[in-house]
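I opened a new model today and kept short notes.

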Amino acid sequence: MLDVFAHYEACLADMAQRLTPEDQPAFHVLRARLIENLSHARLYGDTPTRQSDRAMVLDMLNKLALSALGITFDPIAKATRLGGSASSVDIIVYVALGEEFSVALKHFGKGFKPDEIADLAVTVYRGTVRTGAPQSSCRVLIVPAGTMGNTRSSGLMSAVLAKNEARNVVALGIAGSIGDDLQLGDVFMPQSVNEYMANAAAGGSDALSFIPSGNRLPVDPRLLNRAQFFQSNYPAKQRDWTRRANVRWKSLVSGAMLKRLKKAGIDLRDYSKVVSGEDRILGSGPAVSKGVAFTRWIREAARKTEAVEMESAGVLDAAFIRTPAPRALVIRGISDYGDSRKKIIEAVTKGAFRELAVDNATAYLMSAIRAGLFCS
């Protein structure tokens, strides 16, 4: 977060030098509010309330900069960013765990090279992916976080976005299904992400309980719309993805595994599909879902929650706070169930569906990039 805060302070200093005297009074009020917000966030932690207040002030600064200077607030001081000037990429892909990244990197190819960021303990991978247009390619930056959680994803993505101008952000990885439509190996692109523990209330007299409230973060409607019509607009690429997903299913999940699962009461279809939009929600929070009671509790916060995971809310929040914000999309492969079936799946398949889920999600992302969904 501190890299982003320092960038905002640099923008304020530069904007103060550029504005005419008649615009200075309104600017000084907004500058004081933002500096106070950043100071409290540094001293006492960045809460959802402070993030909301900061977003409102940044929006007003953005409008003032546009009307007075003809540019938005955020890129005013590009040259003063920590670590030098920002580089430009088409897509930043956030991947939480090493096992997910190793599978994803196989899809992106050997052309992706490591880049150790000087003032961050982070190594990212940069490369290009060819698109369908002649002599056209997308510049892609992959961020392997190395650990789970929205605190990590928000802080790391904020720092990376402070150093890299990005047109698009993708939260790529796995999730656990808690709905009826999503089965193991499916690819899920939600219409929104609900950070279900945000603004939750603690209650209970004899036993502690949390009353969910949530923070709803929508994905970019243009990217989601393109994904929803991918099958119609790019039938050959959709058929290739489906064929590959079915081959991978049969290579990773044996008949013996399916028989053991069926005996345990888990009857699976032996193919994968893509489920996108249609008011479906992805729950994102600090807990791994392993029980029916937890699933029921999450759905009290958002009825149409279909799956749960631990990073996408942080990725989207880091993207949306920027002005202008990059377009954001979430692509998650379904690796297990967020209830009592989870333990059975893990015991029987030994991680086979985790690999299948990441493989299917990354293959779908690559198909979308090559079709040009992100580069226009």
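My entries on the backbone and on a helix pair follow.

**Entry one: a cis bond.** I am working with a predicted model. I looked at the peptide bond between Thr323 and Pro324, and it is cis. Its omega is about -5 degrees. I then placed Pro324: it sits in the loop that runs between helix H11 (312–320) and strand E14 (327–337).

**Entry two: positive phi.** I checked phi at Glu278 and found about 55 degrees, a positive value at a residue that is not a glycine. Glu278 belongs to the loop between strand E11 (274–276) and strand E12 (281–284). I looked up Asp279 as well. Its phi is also positive, about 65 degrees, and Asp279 is not a glycine. The loop between E11 and E12 holds Asp279 too.

Are these residues buried or exposed? Glu278 has a relative accessible area of 54%, so I count Glu278 as exposed, the cut-off being over 50%. Asp279 is at 42% and counts as partly exposed.

I turned to helix H8 (residues 235–252) and helix H13 (residues 352–370). Their axes come within 10 Å and cross at roughly 165 degrees. Angles over 145 degrees count as roughly antiparallel, so H8 and H13 are roughly antiparallel to each other. The crossing is right-handed.

Which residues meet in this contact? On the H8 side I noted several, including Trp241, Arg244 and Trp249. On the H13 side, Phe353, Leu356 and Tyr364 are among them. The residues of the contact of H8 with H13 divide into nine nonpolar, three polar and six charged.

Note on methods
Residues numbered from 1 in each chain as written. Predicted model: local features only at pLDDT ≥ 70, side-chain atom pairs only at ≥ 80, totals over all residues. Heavy atoms only, no water. Helix = DSSP H or I, 4+ residues; strand = E, 2+ residues; numbered from the N terminus. Buried < 20%, exposed > 50% of the residue type's maximum accessible area, 1.4 Å probe, protein only. Axes fitted to C-alpha atoms, helices over the stretch in contact; angles between N-to-C directions. Parallel < 35°, antiparallel > 145°, perpendicular 65-115°, else oblique. Left-handed = near helix turned anticlockwise from the far one by under 90°. Contact = heavy atoms within 4.5 Å. Nonpolar A, V, L, I, M, F, W, Y, C, P; charged D, E, K, R; others polar.
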